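Visitor: I'm new to this one. Can you put it up and take my questions as they come?

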Amino acid sequence: MSGKKLGAGVVRTDRLLMDGRTIRYYDTQGQERNAVDQREPETQPKIGEMRLDPLNNEWVVMAAHRQTRIFLPPKELNPLAPSRPGFLTEIPESDYEVVVFDNRSPSLRDTDTPAKIPSELSLETPPIPAAGKCEVVCFTSNYEASFKDLSHHQIRTVMEAWRDRVAELSQLTYIEHIAPFENRGEEVGVTLSHPHGQIYAYPYLPPRTEKMLAAARNHMERTGRVILDDVIAREIKDETRIVTRNEDWIAYVPYAARYPFEIHVAPIRPVPDLAALDERACENFAPIAKEVLQRLDGVFDTKMAYIAAWHQAPVRVGRDVLRLHWQITSVRRAPGKLKYRDWE
């Protein structure tokens, strides 16, 4: 079966799961992906709704069907493992490199008739369909691995999957912002231990993105420069907070770190989003990513719970002032001790 050819020799092959969801295989070894999902057909959950919280004008997604999603299954019942005789999973094939599929219990889901986000918000703003996309990204078929354990080749394949999904999701007319992220550790709410991340594609700008955009626009108006460019220039000048760097990426502890352990990773040549990265930057991301995450695990000689979130420019606005970077944060402050920040 022929597939879509991407960068770094990656080929994407699409198949359908038993309920009509799409699974995308990202391969580099010429694999054929012909396995059929043998599970009994199911009906996908109905789309939820978004309600406006009038106290802060933020959208809240209501998705009651997520109450029944799987929670911390044992290894032998891992739904992200390849399928095997007697145990059928979300991945019909008996092996895989990287896969991306639509979440079985999504907060946001695609629709043929998305509602327009109202421009005027008030106590009377009616609920609207929770249109968007929630996708699962499996980094490897190896249950025991973490992102830091992946080979440079495997990380490059994950990067190509991220870039492909950002480029494709950006074409959906109702999507305004795309946020790939990884949660690791029960301390930050992980419900599946298999090494994986997610991609949320929103029909609006999340609150944090709105705040970052406002700050970036203000800086541009005052100085004529991009704020993240100036932040990186300061880190290079000060030198004291740089964790590691190479010719294409820099990793640093931010000047105003909010968490006990926080590292930001940014490309030296600024781009608005993952899809805009050039080949050299994609190739040189793996050594930086591995070193940063290995250092985190080495602090207390234990697996560090973290959230690793890509921040990038929205799909249609702010692309002249917001720049791509990767924020890795951990609530662990000492062995057996956590620090939770108040929600903003």
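Guide: The side chain of histidine 325 reaches the backbone oxygen of arginine 323 at 3.2 Å. A polar contact here is a pair of N or O atoms within 3.5 Å; within protein, one must be able to donate a hydrogen and the other to accept it, and residues adjacent in sequence count only if both atoms are side-chain atoms. This is a predicted model: local features need pLDDT of at least 70, side-chain atom pairs count only at pLDDT 80 or more, and totals for chains, interfaces and linings use all residues. Residues are numbered from 1 along each chain as its sequence is written, and side-chain values use heavy atoms, with hydrogens and water left out.

Visitor: Is histidine 325 buried or exposed?

Guide: Histidine 325 counts as buried because its relative accessibility is 5%. Buried means under 20% relative accessible area, exposed over 50%, and partly exposed in between (1.4 Å probe, protein chains only).

Visitor: What is histidine 325 in contact with, leaving aside neighbours within four places in sequence?

Guide: Histidine 325 is then in contact with Met212, Leu228, His264, Val265, Ala266, Ala309, Trp310 and His311. Contact means heavy atoms within 4.5 Å.

Visitor: Which strand does histidine 325 lie in?

Guide: Strand 15, residues 325-330. The protein chain has four helices and 17 strands; these are DSSP runs numbered from the N terminus, helices being H or I with at least four residues and strands E with at least two.

Visitor: Switching to the whole chain, what share of the residues is buried?

Guide: Buried residues make up 50% of the 344 residues. The C-alpha trace spans about 60 × 50 × 45 Å along its principal axes.
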